[in-house]
Amino acid sequence: MGSRRRDRRELLKSGAAMVGGLTFGAVMPAMGQTPSPTFIRGNKDQIAYGDRSHFVTSVRIPHGGRPSPDPFGLVFHVATPLQDSVGVITPSSLHYVATTRGSFIPDIDPREHRLMIHGMVDRPLTFTIEDLKRLPSVTRLHFIECAGNRSTPRAKTIQESHGMTSCAEWTGVLLSTLLKECGVKGGPSWFVAEGAEEVKGASSMPFAKAMDDVIVAYGMNGEAVRPQQGFPLRLMVPGFEGIFSTKYLRRVKLVDRYYMNYNDYGHLQDDAKNAALGYQVGPKSVITFPSAGQQLPGKGFYEISGLAWSGGGAIRRVEVSTDDGKHWMDAEFKGTPQRKAHTRFGCPWNWDGKETVLLSRCTDELGQVQPTRAQVAKFFNVPLGEVPGLDNTIQPWRIASDGSVQNGHA
Amino acid sequence: MGTHRFVSCLLLYGGLLLGASVLAQSPPRYGVGRTPTAEELRALDISIGPDGAELPPGRGTAKEGAQLFTSKGCAACHGANGTGGRAPELKSKDGPGVDTWERGRILPVRAPFATTVWDYINRAMPLGREGTLTPNEVYSLTAFLLSINEVIPEDQVLDDQSLPKVKMPIGNNYASLPDWKPNTRRLRGYPY
């Protein structure tokens, strides 16, 4: 019934458009038959802080098979619905969440929160959020990606295979600004960042990174950082595996050695090549439309759309193949690629209705190229499907002749 | 005139010297932020490095740790003897003869320093009552976990001097850490 009415309405509209140029009066009866939409009654909450349309139902899902929240209200990993994404900014409400272990989200009063910087400095200093907001700020687009964002044959959708990455606009003070204010002393080689949550998550990171582009962020997507993302302060560590972007940041200590705290010990590897992949996320791209779980209504034109990102800097090139890698064509960037940020690409495609496989691969500003799983297996001499470090391999999406889209790894 | 120039030269030179020595100390540029008190520094600095410099005074043994393992509720999640619970395994099924990398990711076995074990218990345990253990209790629980994995003898006393000296099974048998530099590929020779 509903679809029949829509068909009729579209017919009337297109008829109106055709006739519109000729006689204005002839349009009127058709317009008069168009039912007006129902209204959303204004209420105070909606005026104060707006909601999306109730017709839009895209949501995050628990990731990795653990319930979130669990019966006690603990939060575990939660994945972003990339299949519905447009543009490059992940709405804060849909940003992926990961915790160092299942945890309650701390409810921190920003007036009570302090950031202390100490260790190998001339002057240890403690900052309030108000202090930080007085200092010169930066606003930058950056992705975060969890080291566990790995595509498996079991993944039924892109949300399951790639949903542990998101991109937001982060605002705050460069960590280097704060370190210069304290005065760096004696040549530190590492720093330890620590959160204020119950587990006091802490990681060692290279001092060179602290002086490069790390942000002590109080803002995210035009408002305060959300509690699930580290309110009131998150250390935004661009291009590094997500665990380094320390939430609820309360302390930074400059030190002269790797501190081997719990998170650090968890990163140890027995192989130097694997260890070298441990910090910086490699070049990675994925087609978000069409992607597994989606359904193409029939042959014809589609704009293939996807995201590309790299911890090595800006994306320089994205190529798309619509015939399982036999031919590649350059995709178009939607907007200017930002360093260490999701970059939206698009590519025109006329589907002939036959079964095929869609692929995308990207190249970053360092010349690093996104690999296939076969290339990774050959380089590391490991079984096909095993990927050392964060999985940045090319994701194949299989288009069946009925228009259904499936995971090409399955 | 000549004297004036000489004096101003002296002033300039002196000023430069002063400037240089101040630069070595790099003055604060914005004057924002407050100096924490020694007490605040001590209370907040819970990162225990491999040399144990931040360890508080205290002592403990495996025997005391065994009692605490039950009384503090550790056993309820980790199993009676650190094995078979819902929470991560704390006792290796394999003896010290087996390669550490084959023994699974068990904190008191794979951690390269005993300070890592002390640090984690102190900051993150017990679940839901984090930060409530006294230094003596943390030394005791660390001794217990190291003892049941045959890393230290059952009667060894752990304190701020002996803990950093414990030889862990992994030794330095782990890959060196990434030598990260800005604008550099992850792994030399790796095109991806």
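Hi everyone. Let's start with one residue: N183(B) has 10 C-beta neighbours inside 10 Å, so it counts as exposed, the limit for that class being 12 or fewer. Keep in mind that this is a predicted model. You'll find N183(B) in the segment after β2 (158–159) of chain B. Its backbone is worth a look too: N183(B) has a positive phi of about 55°, although it is not a glycine.

Where does D324(A) sit? Look in the loop between β15 (315–321) and β16 (329–330) of chain A. With 14 other C-beta atoms within 10 Å, D324(A) is partly exposed.

Staying in chain A, let's turn to cis peptide bonds. S68(A) and P69(A) are joined by one, with omega about 0°. P69(A) belongs to the loop between β1 (61–62) and β2 (78–79) of chain A. Another cis bond runs from F289(A) to P290(A), again with omega near 0°. P290(A) is in the loop between β13 (284–289) and β14 (300–309).

Now, how do the chains meet? Chain A brings 57 residues to the contact and chain B brings 43. On the chain B side, the elements giving two or more residues are α2 (38–44) and α6 (114–124). Which of them gives the largest share? That is α6(B), with 5 residues. By type, this side of chain B divides into 24 nonpolar, 10 charged and 9 polar residues.

Terms used:
Residues numbered from 1 in each chain as written. Chains lettered and ligands numbered in written order. Predicted model: local features only at pLDDT ≥ 70, side-chain atom pairs only at ≥ 80, totals over all residues. Contact = placed C-beta atoms within 7 Å. Helix = DSSP H or I, 4+ residues; strand = E, 2+ residues; numbered from the N terminus. Nonpolar A, V, L, I, M, F, W, Y, C, P; charged D, E, K, R; others polar. Buried ≥ 20, exposed ≤ 12 C-beta atoms within 10 Å, placed from the backbone.
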